[in-house]
Amino acid sequence: MIALMPEKQDDWWEVEALYDLCFAPGREALSSYRLRDGIPPVPGLSLVARDSDGILTGAIRFWPVRVAGLPALLLGPVAVHPTHQGEGLGGVLIRDGLAAAVAGGWDRVLLVGDAPYYQRFGFSRLERVRMPPPTNPDRVLGQALSPGAWDGVEGDVTRWSGDAH
Ligand SMILES: CC(C)(COP(=O)(O)OP(=O)(O)OC[C@H]1O[C@@H](n2cnc3c(N)ncnc32)[C@H](O)[C@@H]1OP(=O)(O)O)[C@@H](O)C(=O)NCCC(=O)NCCS
């Protein structure tokens, strides 16, 4: 039995260890991390999954960013412990996280990832949105959380500034 709950401050380093286990070394050199440096994840959206013994089995985080000046969520990292991959947990984390994002009033979300995995959750290529280089443009994917929220949005993804969204 796996339970999902919001990530708490005390979970931080345990989640970092899970990400270190699940991603290739050097993950923090990715350009997406430059959008996260020194900026806290969005409170309440990041989730942890724990088994009945309390062992961390998965986690997802969301950061605020701006795209052409507009507020957007950057989904990720998301990871599931190798012993639990393929059981649907990644999907639950993503769907629950997106539902919380809608409830929180966010209009648009993007990520850098594999389209064959994320298209099942409604993500598709954002042709006119540029992540900081070097990022493969084919991996820049997005989803509108309110109708038409990505329509006509064209420009760079930049670090978050301000409070409102
Ligand atoms: C990607 C990840 C979060 C998915 O979590 P999960 O719980 O294993 O995924 P689910 O059980 O919800 O879905 C499994 C399905 O996704 C597919 N899948 C997983 N990763 C995939 C990928 N990169 N590309 C295409 N399909 C992928 C599996 O083949 C499986 O397909 P099936 O349903 O047809 O059998 C997990 O595998 C993981 O932590 N990977 C390492 C870290 C990582 O790459 N994170 C994503 C960064 S973009």
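Trainee: In which sense do strand 2 and strand 3 pair, and over how many bridges?

Mentor: This is a predicted model. In it, strand 2 and strand 3 are antiparallel, and four bridges connect them.

Trainee: How many residues lie between strand 2 and strand 3 in their hairpin?

Mentor: Five residues separate the two strands, and G54 in the turn has a positive phi of about 85°.

Trainee: Which way does strand 3 run relative to strand 4, and how many bridges join them?

Mentor: Strand 3 and strand 4 run antiparallel and are joined by nine bridges. Within that pairing, W63 stands opposite L74 in strand 4. These strands also form a hairpin, with two residues between them. A68, in the turn, has a positive phi of about 50°.

Trainee: How many bridges join strand 3 to strand 9?

Mentor: Three, and these strands run antiparallel. Strand 9 covers residues 155-159. R159 in strand 9 is the bridge partner of V65.

Trainee: Why is strand 3 described as largely enclosed by the rest of the structure?

Mentor: Start with the general idea on strands. In a regular strand, side chains alternate between the two faces of the sheet. Now the case here: ten of the twelve residues of strand 3 are buried, so the strand is largely enclosed by the rest of the structure.

Trainee: Which residues touch the most other members of the largest nonpolar core?

Mentor: Again the general idea comes before the case. Nonpolar side chains tend to be buried together in soluble globular proteins. The largest nonpolar core here has 41 residues, and L73, L74, V109 and L110 touch the most other members. Elements that each supply at least two residues of this core include helix 1 (12-22), strand 3 (56-67) and strand 5 (108-112). Strand 4 gives the most, with seven residues.

Trainee: What does L110 touch, leaving out residues up to four places away in sequence?

Mentor: On that count, L110 touches V67, A72, L74, L126, V129, V140, L141 and G142.

Trainee: How many residues surround the ligand, and which are closest?

Mentor: The ligand is surrounded by 16 residues, and the closest are Q85, G90, G91, G113 and Y117. Strand 4 (70-80), helix 3 (89-103) and helix 4 (115-118) are the elements that give two or more residues to this shell. By type, the shell divides into eight nonpolar, six polar and two charged residues.

Trainee: Which domain does UniProt place at residues 2-146?

Mentor: The unreviewed UniProt entry places "N-acetyltransferase" there. Over residues 2-146 the chain is 23% helix and 31% strand, with the end C-alpha atoms 30 Å apart.

Note on methods:
Residues are numbered from 1 along each chain as its sequence is written. This is a predicted model: local features need pLDDT of at least 70, side-chain atom pairs count only at pLDDT 80 or more; totals for chains, interfaces and linings use all residues. UniProt positions are given in the numbering used here, feature names are shortened, and annotations may be inferred rather than shown by experiment. A residue is near a molecule or strand if its C-beta atom, placed from the backbone, lies within 6 Å of it. Ala, Val, Leu, Ile, Met, Phe, Trp, Tyr, Cys and Pro count as nonpolar, Asp, Glu, Lys and Arg as charged, and the others, Gly among them, as polar. A nonpolar core is a set of buried Ala, Val, Leu, Ile, Met, Phe, Trp, Tyr and Cys residues joined through C-beta atoms within 7 Å. A residue is buried if 20 or more other C-beta atoms lie within 10 Å of its own, exposed if 12 or fewer, and partly exposed in between; C-beta atoms are placed from the backbone. Two residues are in contact if their C-beta atoms, placed from the backbone, lie within 7 Å. Two strands pair if DSSP finds at least two bridges between them.
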